[in-house]
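This report looks at a ligand site and at the aromatic contacts of one protein. Please keep the sequence and the model in view while reading.

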Amino acid sequence: MNAHLDLDSTYDYEAVVVGGGAAGLSAALILGRSLRRTLVVDAGQPRNAPAAHMQGVLSRDGMSPADFLAAGRAEIAAYGVEWRAGEVTGAAPDGRGGFTLTLADGDTVGARRLVVTTGLVDELPRIDGLAGRWGRDVLHCPYCHGWEVRGEAFGVIAHPAMPAHQALMVAHWSEDVTLFLHTAGELSEHDAALLDAAGVRVERGEVTGLAVEDDRLTGVRLADGRTVARSVLFAGASRLAARDGVLRRLGAELRATPFGEFVVVDETGRTSVPGVWAAGNVTGPQEQVVNAVSRGYRAGAALNAELVFADLEAKAAGRPVG
Ligand SMILES: Cc1cc2nc3c(=O)[nH]c(=O)nc-3n(C[C@H](O)[C@H](O)[C@H](O)COP(=O)(O)OP(=O)(O)OC[C@H]3O[C@@H](n4cnc5c(N)ncnc54)[C@H](O)[C@@H]3O)c2cc1C
């Protein structure tokens, strides 16, 4: 039994982590190790679930995303952190510095502080058959998948905001790359020169679908009736939609990016709402698993430090703690 549990029993939980992916489990681990009464609520839809393997995570390279999260859940349980399957659908200030969360099943939970790690949704280009192959042979990130498919026949669907960027990047992993402009506009002269230097071919027509044989991508179909043989297709999401409903409900400040809006956080993950931290993909599209783990750790540690000092200040001033 630690001092905090005695001092602060007015809340169901000192910390609730909304979202139990890489960022949330990491925040929960450090909160558990900081003796904080912590709950993780998780809706069970991590972004990388369609992928069989998780790459580029030091000491866990190639592990399945499901095994990684199961290991994380076992680790937080060892520190007494509670984990609950469910979706947080409502969040409101409770008038005394904490928050009341409403879950989809109608239950409410009182939280003194929050860490929001709800991730994002990749809104995929609307091309027939593409969504079903996401994370298999339709890929978004060369760091996650490039090594495994190096040297293969790559296609790239141009992103309207940066039509040449991904083709130029992935050309580092294969000499056989075709960029499909699809619905993106014409290329700038500079982009055209870089694509030329990288040896990337450009198809200007609209893509209408994918050719698949024996459950493997074999080509990309164009509106003019041709099929360009390809075994791998890189297709960045047309929009990365942060799952930021909880943060929006609490009035957290957001910033516009070329890929969508993301919550504003400081280097510890603190949002503009006092008592609310955020980490992982809900804060930005660049957070791969190791970054999400690192940011979750920082948010959990910052939350704990804030509570340590808030309670000491209150105690020193003779005010009630909590
Ligand atoms: C196909 C694919 C493959 C990838 N491969 C790799 C890879 O090999 N290596 C790598 O480093 N990265 C990879 N990534 C990126 C990786 O998925 C992210 O870096 C990582 O998932 C971010 O972790 P997170 O905790 O921020 O979000 P997530 O892992 O998405 O977790 C968020 C969790 O919050 C839950 N949630 C959302 N809203 C609520 C709510 N309201 N209430 C309760 N719970 C909620 C979700 O259901 C989910 O379980 C890949 C991404 C994709 C799309």
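Is Tyr143 buried or exposed? With a relative accessible area of 60%, Tyr143 is exposed, where exposed means over 50%, buried under 20% and partly exposed in between (1.4 Å probe, protein chains only).

The model is predicted, so that local features need pLDDT of at least 70 and side-chain atom pairs count only at pLDDT 80 or more, while totals for chains, interfaces and linings use all residues. Residues are numbered from 1 along each chain as its sequence is written, and side-chain values use heavy atoms, with hydrogens and water left out.

The rings of Tyr143 and Trp173 form an edge-to-face pair, because their centres are 5.7 Å apart and their planes stand at 90°; rings of Phe, Tyr and Trp (its six-membered ring) pair if their centres lie within 6.5 Å, and planes over 60 degrees apart count as edge-to-face, under 30 as stacked and the rest as tilted.

Around the ligand there are 36 residues, of which Asp42, Gln45, Gln55, Asn281 and Glu287 come nearest, a residue being near if one of its heavy atoms lies within 4 Å.

| Residue (polar backbone atom) | Distance to a ligand oxygen atom |
|---|---|
| Pro46 | 3.5 Å |
| Glu287 | 2.7 Å |

The protein covers 97% of the 1,000 Å² of accessible area that the ligand has on its own, as computed by the Shrake-Rupley method with a 1.4 Å probe.

Notes:
Polar contact = N/O pair within 3.5 Å; in protein donor to acceptor, adjacent residues only side chain to side chain.
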